[in-house]
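Dear colleague,

Please find below the structure that I am handing over to you, together with its sequence. My findings follow directly after it.

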Amino acid sequence: MKHDHQNMLASAKMAPTDQALVDIAELYSLLADGTRLKILFALLETELCVCALCELLSMEQSAVSHQLRKLKNANLVKSRHEGRYVVYSLADEHVRSLLMMSYKHLTEG
């Protein structure tokens, strides 16, 4: 088999732009926090109000809200009002896929 340096190089140059790489790094830095990951995994199967997340995480409302704000600013979660409560869910299927692929990668060897 012949070594095709030029074809390899052309394929490597199709990588994301520098700005896209910065954005991806910022996304992963958000996911590098255990509390934020716990919130995201808790939202995998159901939406939850802030008070339920506080109870689940054994954290104060202000601390949970702070983490939720970061996740929302990164478009990882979305919220809606249900009476006087704010209910959170994953922003979309991409977030679900990212979490599940990461988990499977680690647990399936």
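At a relative accessibility of 52%, Glu-93 counts as exposed. Please note that this is a predicted model. Glu-93 forms a salt bridge with Arg-96, and the closest N and O atoms of the pair are 3.2 Å apart. The two residues are three places apart in helix α6, so about one helical turn separates them. Arg-96 is partly exposed, its relative accessible area being 25%.

Salt bridges with shared partners also join Glu-47, Arg-80 and Glu-82 into one network. For the salt bridge between Glu-82 and Arg-80, the corresponding distance is 2.9 Å. In total, the structure holds three salt bridges.

**The two faces of helix α6**

Helix α6 covers residues 93-107; at 1.5 Å a residue, its 15 residues should span 21 Å, and the 21 Å between its end C-alpha atoms agrees with this. Val-95, Leu-98 and Leu-99 are buried in α6. Viewed down the helix axis, the buried residues fall within an arc of 90°, so they line one face of α6. These buried residues pack against α2, α3 and β3. The face turned away from the buried side carries the exposed residues Glu-93, His-94, Met-101 and His-105.

Which residues does Ser-89 contact, leaving aside its neighbours within four places in sequence? They are Leu-43, Glu-47, Val-77 and Lys-78. Ser-89 lies in strand β3 and, with a relative accessibility of 15%, counts as buried because the cut-off for that class is under 20%.

Helix α2 comprises residues 18-31 and includes Ile-24. Ile-24 is partly exposed, with a relative accessible area of 38%. Together with Leu-21 and Tyr-28, Ile-24 forms a nonpolar patch on the surface, and the accessible area of the three residues together is about 280 Å².

With kind regards

Note on methods: Residues are numbered from 1 along each chain as its sequence is written. This is a predicted model: local features need pLDDT of at least 70, side-chain atom pairs count only at pLDDT 80 or more; totals for chains, interfaces and linings use all residues. Side-chain values use heavy atoms; hydrogens and water are left out. Patches are made of residues with over 30% relative accessible area and no salt bridge: like charges are joined within 9 Å, nonpolar side chains (Val, Leu, Ile, Met, Phe, Trp, Tyr) within 5 Å. Accessible areas come from the Shrake-Rupley method with a 1.4 Å probe; for residues, only the protein chains shown count as cover. A salt bridge is a side-chain nitrogen of Lys or Arg within 4 Å of a carboxyl oxygen of Asp or Glu. Helices (H or I, at least four residues) and strands (E, at least two) are DSSP runs, numbered from the N terminus. Buried means under 20% relative accessible area, exposed over 50%, partly exposed in between (1.4 Å probe, protein chains only). The expected span of a helix is 1.5 Å times one less than its number of residues. The arc is that of the directions from the helix axis to the C-beta atoms. Contact means heavy atoms within 4.5 Å.
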